[in-house]
Amino acid sequence: MISLTRKTERVSKRISVRDRLLVKEVQEMEQTLPSTCRIHFGDPHVLSEFSLTILPDEGYWQGGKFQFTVSVPEEYNMTPPKVKCLTKLWHPNIFEGDICLSLLRQNSIDGMGWAPTRRLKDVIWGLNSLFTDLLNFDDPLNIEAAEQYLQNKSDFQMKVKEFVQLYAR
């Protein structure tokens, strides 16, 4: 069980609101994790930093292994977690490590951005959906990938497979 206070050299330090929320949310997240996702805590006592692996079992990115880092800021749950993609891939909504996903934005034009009612499980499911649902490309991060998908799905699929073979194994 995770303690709500930390003891360092005979001094107790109150745990932050973020860390209290994370104790609950991490348990919930682990119980509702999509079958294609794995989480790993480098330090089991630091719930605010973890890695996520997504292994799509369908769609364009099937067979790939995509690594993400998730960092939960002290201001959580008023601000969203920071997420970076560590795997190079061909995707309209992921480019050079950045991710275009409304719920990761503090302010989103589509009204689907971060809100204090959102949870880590929502972030995981949202990231997972980037590999299963082909998304709205009105505001893509990788414009070239979005245009290729719209103009020639066959070439798009070949390029995705090439990137999976080169970078996501």
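What share of the contacts in the chain with a separation of 6 or more comes from residues 24 or more positions apart? Such residues account for 53% of those contacts, where contact means heavy atoms within 4.5 Å. This is a predicted model, in which local features need pLDDT of at least 70 and side-chain atom pairs count only at pLDDT 80 or more, while totals for chains, interfaces and linings use all residues. Residues are numbered from 1 along each chain as its sequence is written, and side-chain values use heavy atoms, with hydrogens and water left out.

The chain has four helices and eight strands, in the order β-β-α-β-β-β-β-β-β-α-α-α along the sequence. Helices (H or I, at least four residues) and strands (E, at least two) are DSSP runs, numbered from the N terminus. Of the 169 residues, 44% are buried. Buried means under 20% relative accessible area, exposed over 50%, and partly exposed in between, with a 1.4 Å probe and protein chains only.

The largest nonpolar core holds 43 residues, and those touching the most other members are Trp61, Phe68, Ile99, Leu127 and Phe131. A nonpolar core is a set of buried Ala, Val, Leu, Ile, Met, Phe, Trp, Tyr and Cys residues joined through side-chain atoms within 4.5 Å.

Leaving out residues up to four places away in sequence, phenylalanine 68 touches several residues, among them Phe50, Leu52, Ile99, Leu127 and Phe131.

Helix 4 covers residues 153–167. Its 15 residues should span 21 Å at 1.5 Å a residue, and the end C-alpha atoms are 21 Å apart, which agrees; the expected span is 1.5 Å times one less than the number of residues. Phe156, Val160, Phe163 and Val164 are the buried residues of helix 4. Seen down the helix axis, these fall within an arc of 105 degrees, so they line one face of helix 4; the arc is that of the directions from the axis to the C-beta atoms. Strand 5 (66–71) and helix 3 (143–151) are among the elements that cover them. On the face turned away from the buried side, helix 4 carries the exposed residues Met158, Gln165 and Leu166.

Most residues other than glycine have a negative phi, and most peptide bonds are trans. Tyrosine 76 and asparagine 77 are joined by a cis peptide bond, with omega about 20 degrees; asparagine 77 lies in the loop between strand 5 and strand 6. Glutamate 96, in the loop between strand 7 (94–95) and strand 8 (98–99), has a positive phi near 50 degrees. Glutamate 96 is exposed, at a relative accessible area of 68%.
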